[in-house]
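Have the model open as you read.

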Amino acid sequence: MKLEIFDNYEGLSLRAAKEIIGAIQRKPSAVFCLATGDSPKRTYELLTNEVTQSGVDFSKAHFIGLDEWVGIPPSNPGSCHYYLDTNVFRPLGISAARIHLFDALSKDLPNECQSMDETIRRLGGIDLMLVGIGMNGHVGFNEPGVSPNLYSHVIHLDEMTQNVGQKYFNGAVVLKQGITLGLKHFLETKLVLLVANGEKKAAIIKRSLEENISENLPATFIRKHANSKVFIDSAAASKLIKAR
Ligand code: F6R
């Protein structure tokens, strides 16, 4: 794991956007898996600006969904689907055939998980995954206590995730379950980027980078990954023992 600390959110976002551009330049048919949420928002803006200006070509790339709120339709602005359409797929002009997201309305969620795993296998694995970190140390919806041996699965969302998740929605919603790629996908991905910013993330960043690697804190698995990079701003790094 490589840790890079930036003066501000803009700096880490620019760095993450450059990693994504580097990946598509090395491999035009790269398979990406991009988190939703507040942390990577600026990364996606900078990425689309750069793509518009320099004409980097994403037309051969594939995009895998990291996770989704079970029962929330794609038309809901708080859904991961809506977020990715708005912030990534439409701005980059990605065609529907290259987008592979969970159907969180499916009556057969185990089958959704199985077909997602098959899609990832068929595409030869994920080249670059960009994740955020939850206030409880989750990555994707891999909540504390999750087995690191799982591929896609449905999971009960812990209380913190149910509460914090309300920030994405226009009114109160019931968020009980998530459908998510597993830590096994995360560990098998060729390059994982984790981004975090702001003082609110300082305590969980400290725990994730300094405590023992454990399923009780899924983000600690970033240190087990063979090729991972953590980009954080100085506020998120402020509680680290050896920051700077
Ligand atoms: C979203 C996701 C979540 C978020 C995490 C941080 O697709 O997988 O794990 O990355 O909850 O969210 P923000 O960035 O909003 O703090």
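Which element gives the largest share of the lining of the largest cavity? That would be H3, with 3 residues.

## Ground rules

This is a predicted model, where local features need pLDDT of at least 70, side-chain atom pairs count only at pLDDT 80 or more, and totals for chains, interfaces and linings use all residues. Numbering runs from 1 along each chain as its sequence is written, and side-chain values use heavy atoms, with hydrogens and water left out.

## The cavity

The structure holds 1 cavity of 30 Å³ or more, and about 50 Å³ of space lies in the largest cavity. (A cavity is a set of points on a 1 Å grid over the protein atoms alone where a 1.4 Å probe fits but cannot get out, and lining residues have an atom within 4 Å of a point; the volume is the space filled by probe spheres set on the points, which are joined across faces, edges and corners.)

Gly65, Asp67, Glu68, Cys80, His81, Leu84, Leu101 and Phe102 form the lining. Strand S4 (67-69) and H3 are the elements that give two or more residues to it. (Helices are DSSP runs of H or I, at least four residues, and strands are runs of E, at least two, numbered from the N terminus.) By class, the lining has 4 nonpolar, 2 polar and 2 charged residues. (Ala, Val, Leu, Ile, Met, Phe, Trp, Tyr, Cys and Pro count as nonpolar, Asp, Glu, Lys and Arg as charged, and the others, Gly among them, as polar.)

## H2 against H3

H3 (residues 80-92) also packs with H2 (residues 41-54): their axes come within 9 Å and cross at roughly 15°. That makes the pair roughly parallel. (Axes are lines fitted to C-alpha atoms, for helices over the stretch in contact, with angles from 0 to 180 degrees between N-to-C directions; under 35 degrees is roughly parallel, over 145 roughly antiparallel, 65 to 115 roughly perpendicular and the rest oblique.)

From H2, Lys41, Tyr44, Leu47, Thr48 and Val51 meet Tyr83, Asn87, Val88, Pro91 and Leu92 of H3, where contact means heavy atoms within 4.5 Å. This contact has 7 nonpolar, 2 polar and 1 charged residues.

## H1 against H2

The axes of H1 (residues 9-26) and H2 come within 8 Å and cross at roughly 55°, so these two helices are oblique to each other.

On the H1 side, Tyr9, Glu10, Ser13, Leu14, Ala16, Ala17, Ile20 and Ile21 meet Lys41, Arg42, Thr43, Leu46, Leu47 and Glu50 in H2. The residues of this contact divide into 8 nonpolar, 2 polar and 4 charged.

Note on methods. On a 1 Å grid over the protein atoms alone, a cavity is a set of points where a 1.4 Å probe fits but cannot get out, and a pocket is an open set with protein on both sides within 12 Å along at least five of seven lines; lining residues have an atom within 4 Å of a point.
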